Amino acid sequence: MNKPLDLKELMVDQAQLAKRLRQETSGEVMLDAASRGRYATDASIYQAMPVAVFIPKTAQDIASSIQITAQMGVPILPRGGGTSQCGQTTGAALVIDNSKYFRNVLDLNLDKGYVEVEPGMVLDHLNGTLKRHGLWYPVDVSTGGQATIGGMAGNNSCGSRSIAYGNMVHNVLGINAWLANGQVGEFANYANSSGVAKELGDFVKGLANTLQPEIEAHFPKVLRRVAGYNLDIFHPQSELPYTQDGGVNLSHLLVGSEGTLAYFKSLKLKLAPLPQHKVLGIVNFASFYKAMDSAQHIVKLGPTAVELVDRTMIDLARSNPSFQKTIETALIDHTAQTPEAILLVEFSGEAHAPLLEKVKALQELMSDLGLPGSVVNMPDSSLQKNLWEVRKAGLNIMMSLKGDGKPVSFIEDCAVPLESLADYTQALTEVFSRHGSRGTWYAHASVGTLHVRPILDMRRDGAQKMRAVAEEASELVRKYKGAYSGEHGDGLCRGEWISWQFGPKITEALSEIKYAFDPKGLFNPGKIVNPPKMDDTSNFRFAPNYKVIPLQPALDWSAWNVQNNPVTEQTTAPGTGGDPAMGLAKAVEMCNNNGHCRKFDAEVMCPSYRVTRDEKHLTRGRANTLRLALSNQLNIKDNASSPLASDAVKEVMELCVSCKACRRECPTGVDMAKMKIEFLSAYKKRVGYSLRDLAVAYLPKYAATISNTPLLPRLLNLRNHITPIAKLQEWIMGISAQRSLPIWKSKNFWNQKASSDYQFTPEQLAQDTDGKGVVLLADTFNAYFEDENLIAALQVLKAAGYRVHIPNKGMRKTGNACSKEFCCGRTYLAAGMVDKAKETLGELVDHLTPYADKNIPIIGLEPSCLFTLKDEALVMGFGDKAISVSKQAQLLEEFLASKAKVGKLKLNFKEASKPVLFHGHCHQKAFAAVTPAMELLKLIPKAEPKLIESSCCGMAGSFGYEAEHIEVSKQMAELSLLPSIRKSPDSWVVADGTSCRHQIADGTKREAVHIARILAAHL
Ligand SMILES: Cc1cc2nc3c(=O)[nH]c(=O)nc-3n(C[C@H](O)[C@H](O)[C@H](O)COP(=O)(O)OP(=O)(O)OC[C@H]3O[C@@H](n4cnc5c(N)ncnc54)[C@H](O)[C@@H]3O)c2cc1C
Ligand code: SF4
Ligand code: SF4
């Protein structure tokens, strides 16, 4: 019997390992604590510091690293997206990240319906490629935007539609993999196998034949069993055959092996035709038990998915204005009480009509089951899409619970036969209640795998409760002949339950398989074979010695500094959570490593990852680095007065463009843009402000002086025409010579406008205008560089009958050296001067409050300035004043579109002569203010507005001007924004952000205009 590797005693010469990897491979090698820390966690509760991190560039790099680690006795751990929920990818090993360079399709055979890919290929990217051929890879895990095929195979992952298509094991045709001795085995059809794959196959067959009675007795007869190795390939126990021809495929032994047997080099996958049509029947239930009991009957109709949403989730969605309408499309009667559960029953196929018949059959079935009239028929694909989104968002809302108690995944994928589902869920609910917790239920009713996470506080009594709940849940799983590990794998969390599930003989056989493949036990040790106890707190991310360093953040994070009640989910008052970092640490700890920020397909998050594919330039990498720094786990030695000011934090914040996308798109609301403000504030205190910082920060202060000084604007503009000046400026200030700078003008908004026209007290505006009074913010950028935007906005507002107040501290007709305009403080925040920003923004908030208190709309043109009032102003200690102002703050298009919606916008636009392309500013997207812009543009006849599906434009305030960031900035713009504009040479390009317009002009030589100008031009 091989002796398991004792990871706690492991002594590795890290420096020697790194040296050899650097000398003998072309990959990236990381040894510093922060880099290792970023690979120490996955979407589980566990944490283990890797020995080192390796990012191979070539297959030979991987082969060499396997050889080096074997020689040095170092464990290795292959990793994809790192989204495992059970700690599969945490370990004291050389962690090897496939996701950066191994993303290629190697062979696509349409005739035979298969594709061969590298292990780091992301599921959604693969399906994006297959779509044009009418095909897809149908193991549709919810993490499809970030899960890699290697990781999915490693975990034997399963999608929502597994009832129709099966799990990974049913859809992998072959795997080529490196073995511990460096050989590559070709694991596929056993009958045709040869070499090392055959030898190992023969060995496993011998074991399986000997253990056939044990296998038949102990392998659960459900589709969703992913525990251990698939020893049953020789005597299949799954509800669905593993192969079409009934033969044995040796690659299935590797599926679900969690990196413990071999390192996948390439994977051959079985493809399915993309269904042409889908219809949904949504069954409403007044009783949760009845919903669960009905699933067994519904699946007989042949659906491709039956997904559960319980009452808690429905209510969460109904209470959220963004989801309310959509979730109510699923309800029989939205005026009645919320149903206890709904089941989303999907039918799909080649033709639409037969699917409608299926929904009819569902309605009849429900009548027979005593629930006539309980089915909503949803044939419309866009409504279906919206509803699936809400189903996902419900989980996100649940995961965003603040406080140390979190919904913990450890029994969330037990699978039981459908006939026992109702009794099982009822009994488990009682278990939760006995342990002072509660579960929200959702997901795969079709296959008896319901997700449920009780809320546990893993820093306090969570470990004990987890053990107690797991013990009782396991009894229920046994009683109902289910599988304890039905979707998310074993890892550190469920390893110990393998012997419970299969008994000692099979457990021993799994160990024999492990050491036949990996005699030294170096491949991902401690997983599947010789696992630790699930509640060994030394493996926890929040281990008993986890402590946060006390510090005073620059912003108010007290909203995160709370605790929660695991049953009611009510949180305590802000500031009472006991966080020594006043809530900042708890905000950072909200990241549960689910990896959603690694998605590429939609929306904005995370632009810096999209161009670098580096974990450190990802929201998750940043959050993990901050968590480790704030809890003193990085061994920081750079004399930083605050962990926030350390070089390790600087490294991860370097490319964060403060786009605020994570604030909206991260399921748990990790708000990295605000965290970057904290970093900048601390870091600049440590290193001081550069000339460039000062130039950016004080722009609103000196803009008036420059603009109003005769000849000075012309002189400064020479910089854009005389290259040596630009180069000198780059050398002195770090502003890229490749960039043009905004053009100074002597004619600006302030020196053209007479004050009396735009000066109203709140009372005047409220009384004299009969609801037609508004405040318009004249920000520095639009006032001094693009006053035509403000003039256009005034034109539109006036045409619509509004009277406008423009905030200022004493308007003048002609130049005055000292600026008297209000400012939102954005430029100070960009330079890390939080105190200065508070002072400036505080003045503006004071000025605006009386208007806001009278419900007078506060309109802005520049998204980054306007949304400062809805975002940062709320965490600067301004109290109720800021809340009142934030409620009135809106972009011009939000204001006008809201009026148009209720028929109160009387503007007759003339026909557009060319179509309109619209690019949303990141902050506009983060605050859901793109739709109003599109709605408004649609009011212009023949404008045919088209939204450019783009992430960040890459300018991000001053980021794109900075010499060290110019290349990344251009790459961000080239991802989709600039190519889309080039493809439409005859369109108007509309972009509300001043820096977005600048990037478009620099990159395409096309002028983009503010929406105010398009509207004014069509009056
Ligand atoms: C919010 C959320 C929702 C989820 N939903 C689902 C779901 O619907 N269905 C589901 O099944 N799972 C789900 N999961 C779990 C997880 O996302 C999946 O298991 C996913 O397939 C893992 O992919 P990955 O690339 O992140 O793999 P990783 O987590 O990086 O790795 C998974 C395992 O594969 C091994 N591995 C990776 N690459 C290789 C290789 N080249 N060779 C050998 N072994 C390798 C790793 O060592 C590890 O043991 C969910 C997780 C989260 C956080
Ligand atoms: S930052 Fe948000 S999206 Fe990214 S891993 Fe953390 S929780 Fe998930
Ligand atoms: S603010 Fe933008 S760039 Fe920064 S972490 Fe969030 S999504 Fe990424």
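**Close-up views of a predicted model**

**View 1. Surroundings of ligand 3 in the predicted model.** A shell of 13 residues surrounds ligand 3, and the closest of them are Cys606, Arg622, Cys656, Cys659 and Cys662. Helix 21 (619–630), helix 23 (661–665) and helix 24 (672–687) are the elements that give two or more residues to this shell. By residue class, the shell around ligand 3 has 9 nonpolar, 2 polar and 2 charged members.

**View 2. A nonpolar patch on the surface.** The patch is formed by Tyr689, Leu691, Leu694, Leu728, Trp731 and Ile732, which together have about 660 Å² of accessible area. At least two residues of the nonpolar patch come from each of helix 25 (691–697) and helix 28 (723–733). Helix 28 gives the most, with 3 residues. Leu694 is located in helix 25; Leu694 counts as partly exposed because its relative accessibility is 35%, between the limits of 20% for buried and 50% for exposed.

**View 3. Cys414 and Cys493.** The whole structure contains 0 disulfides according to the search. The closest cysteine sulfur to that of Cys414 belongs to Cys493 and is 9.9 Å away, so the two are too far apart for a bond; the cut-off for a disulfide is a sulfur pair within 2.5 Å. Cys414 has 1% relative accessibility and therefore counts as buried.

**View 4. Cys823 and Cys824.** Cys823 takes part in no disulfide, and its nearest cysteine sulfur, that of Cys824, is 4.9 Å away. With a relative accessibility of 10%, Cys823 counts as buried.

Notes
Residues numbered from 1 in each chain as written. Chains lettered and ligands numbered in written order. Predicted model: local features only at pLDDT ≥ 70, side-chain atom pairs only at ≥ 80, totals over all residues. Heavy atoms only, no water. Near = heavy atom within 4 Å. Helix = DSSP H or I, 4+ residues; strand = E, 2+ residues; numbered from the N terminus. Nonpolar A, V, L, I, M, F, W, Y, C, P; charged D, E, K, R; others polar. Patch = residues over 30% accessible without salt bridge, like charges linked within 9 Å, V, L, I, M, F, W, Y side chains within 5 Å. Areas by Shrake-Rupley, 256 points an atom, 1.4 Å probe, with all protein chains shown as cover. Salt bridge = Lys/Arg side-chain N within 4 Å of Asp/Glu carboxyl O. Buried < 20%, exposed > 50% of the residue type's maximum accessible area, 1.4 Å probe, protein only.
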